[in-house]
Amino acid sequence: MFRILLKVSLFIILLAIAVNSILKRIWVNHGIINEPRSRYDVIIVGAGSSGCVVARRLWEKSNLSILVIESGTTAPWISVVPLLAPALQGYTADWAYKTVTQKHSQLGMKNRQSSWPRGKVLGGSSVLNYLLHTWGARSDFDNLWDSGDSSWNFESVRRYFKKSESFQRISGASVTGLRGKHGPMPVTEFDTSSSPLASAFLEGLPSLGIKIGDLNGELENGAMPSQSNIWNGWRVSVVDAYLDSILDMANIHLLTSTQAVQIITEDRRATGVLAVNLYSGITYHIDATYEVVLSAGTIGTPHILMLSGIGPKEHLAQHGIPVVADLPGVGQNLRDHLNVPLYFHLDAPVSATTSKVRSIAEIWKYATKGKGFLANSGVESLVRLPVPGDNSTHSKLYFMLFNLGSVNGDLFSSIANFRNDTFQDTFPDTKNDSKEGFMILASCTQPLSTGEVRLTSPNPMAAPLIDPNYLSRQEDVKCLIKAMKTAARLGSTKPVRDLGARLHLPGYENCSTFSQSLQDDKYLECWVRTSAITAYHPVGTCAMGSSDNPMTVLDWRLRVRGIKNLRVADSSSFPHLTSGNPHAVVLMVAERAADFILEDIKRQNIKKIHRSSH
Ligand SMILES: Cc1cc2nc3c(=O)[nH]c(=O)nc-3n(C[C@H](O)[C@H](O)[C@H](O)COP(=O)(O)OP(=O)(O)OC[C@H]3O[C@@H](n4cnc5c(N)ncnc54)[C@H](O)[C@@H]3O)c2cc1C
């Protein structure tokens, strides 16, 4: 009887989610076209986190005709359930990249490679991501992004962060003027009253001198309940936030399942795009009157630039690609956050275990109220702190409290490419579905190690080479060791200890010559090099910057150096990582890019631009 009830409930819930999702997708289908016109005013490559923002804002403030070319298609229904995000990895909505074998890290991963998921779908990586919404710290922008004329300092970018978001306090408390209230992207706070674990975690932090407040806005260092792009328990992707409501009336065409393979240039001016339908193989030559905007992401954007002859000339020559512009920085400066997972055992029954998540009660709570474990990504609190003993103000430690007692071992070990033994050492008792526990992911926000994206072939369908070159700088290891020691303290305050929390020290075979203790830095280094995993934050492969730095690819208005009418608006444009998760920063950059485009086109043709909103 119980089993039948369970199956019926599950069926009804899944059916409801599927119907809702299909309806949403039909809605989105309005803008999807089968054949592009031969010319548009602006062509945007990539309908991911950044491309959708640019398209929406251009539509809102102009009469420009806009084409967005996207390799993927509509998102699978499962993506709307926040906790199920990892289940999308490795399937059709994911480019499913793998890095090259790492020299200094990933000792515990198969073939020492890291799996790099990236969204290949309408909405891009915002469909796959863990939904955390963080702006980064003021000091990131003031010290690392600032152009010298203040155009990327915190005060300048704050306006765009606010423009993109509509922030809601869980308590219903009023939102201060520091945050955005009317932007398209909803941001909601995690409700700590629903989680004894998050409550205890945050309650314990002031005893370590850590302030609780809003890391997006007022607090440079401190802690907060996580903030996410979730609405009533549903994922809000950029398509949902920026495009869904306008596609019916907008002059935006979406060309899906189509890969842009080359930017067409004439006399160092971008004039259009060559794109291939991935099903029919038909090639389209589409002209752009004003601009081509690359929003294909940290991997896709340098890839297409190099295929088009824009990149390091020796590398292009190796692949027989004629050089249009010698830009040595294209594909370089690849930066990513590495997370060290620290697992804590718990006695109290307060964590998300596989058996609880699958229970009828949890599924019912989610289906009827949009609450419970399924309604968020699992990350319940965030902490940002200065690096002990480091005088630079911009280098930070960053921590995510992941409510995760037991996990689906097959799923998690495969998506992170863990070897079985490493996985079992990192997450003990993986076979026990009722195991109580949590994880703190510890990272350093400004690693010095940088890597690269390069061509493996002039064939545009061949995946590029990705080498993050993790931990090639010893300073990064030292910083992560400090982060681990701090994480151990964050997870051991009295309120958390009262729940029976105990740090698990993994006994990796390759670290067995060291003493399994937080006091042995050699052991901690071995731990870092064995099981630290990507935070999924790659940025920087077409960095903006000053013209006196030959490795920068874009000027401060995101224009590709040496090529007219070509701009980049996505995560590849970041000069540095920020002290948090990058998605909100990508939205901010895209919001700004739209303003730059409109201003520049206005100089050429005033009739197409108007200030009234639709
Ligand atoms: C698993 C995962 C978890 C994450 N969690 C978080 C998080 O919790 N918080 C956070 O802040 N950040 C998170 N991120 C990172 C964040 O989602 C990304 O930084 C952000 O989405 C990148 O935006 P983008 O526009 O640069 O690229 P994308 O969103 O990846 O968009 C690029 C788009 O371009 C398309 N494309 C690429 N090449 C071509 C081509 N040649 N032709 C046509 N289309 C093309 C792609 O299919 C894709 O749709 C996560 C990322 C992943 C993968």
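Let me start with isoleucine 43 in this predicted model, which, once neighbours within four places in sequence are set aside, is in contact with Leu67, Ile69, Gly272, Val273, Ile286, Ala288 and Val292. Ile43 belongs to the largest nonpolar core, a set of 170 residues, and it is listed there with Val42, Ile66, Phe399 and Leu480 as touching the most other members. As for where this core draws its residues from, helix H16 supplies the largest share, namely 11. Apart from this core lies another one, of five residues, including Trp116, Ile299, Leu334 and Ile466.

Stepping back to the whole chain, we have 16 helices and 25 strands. The radius of gyration is 23 Å, close to the 25 Å that the globule rule gives for 614 residues, so the chain is as compact as a globular protein of that length. Of those 614 residues, 54% count as buried, and among contacts between residues at least 6 apart in sequence, 72% join residues at least 24 apart.

Now to the ligand, which has 40 residues around it, with Gly46, Gly48, Gly124, Gly300 and His583 coming nearest. The elements that each give two or more residues to this shell are helix H2 (49-60), strand E12 (258-266), helix H7 (297-307) and helix H16 (583-604). Which element gives the largest share of the shell? That is H7, with four residues. Sorted by class, the shell holds 16 nonpolar, 20 polar and four charged residues.

Notes
Residues numbered from 1 in each chain as written. Predicted model: local features only at pLDDT ≥ 70, side-chain atom pairs only at ≥ 80, totals over all residues. Near = placed C-beta within 6 Å. Nonpolar A, V, L, I, M, F, W, Y, C, P; charged D, E, K, R; others polar. Core = buried A, V, L, I, M, F, W, Y, C linked by C-beta atoms within 7 Å. Buried ≥ 20, exposed ≤ 12 C-beta atoms within 10 Å, placed from the backbone. Contact = placed C-beta atoms within 7 Å. Rg over C-alpha atoms; globule rule 2.2 N^0.38 Å.
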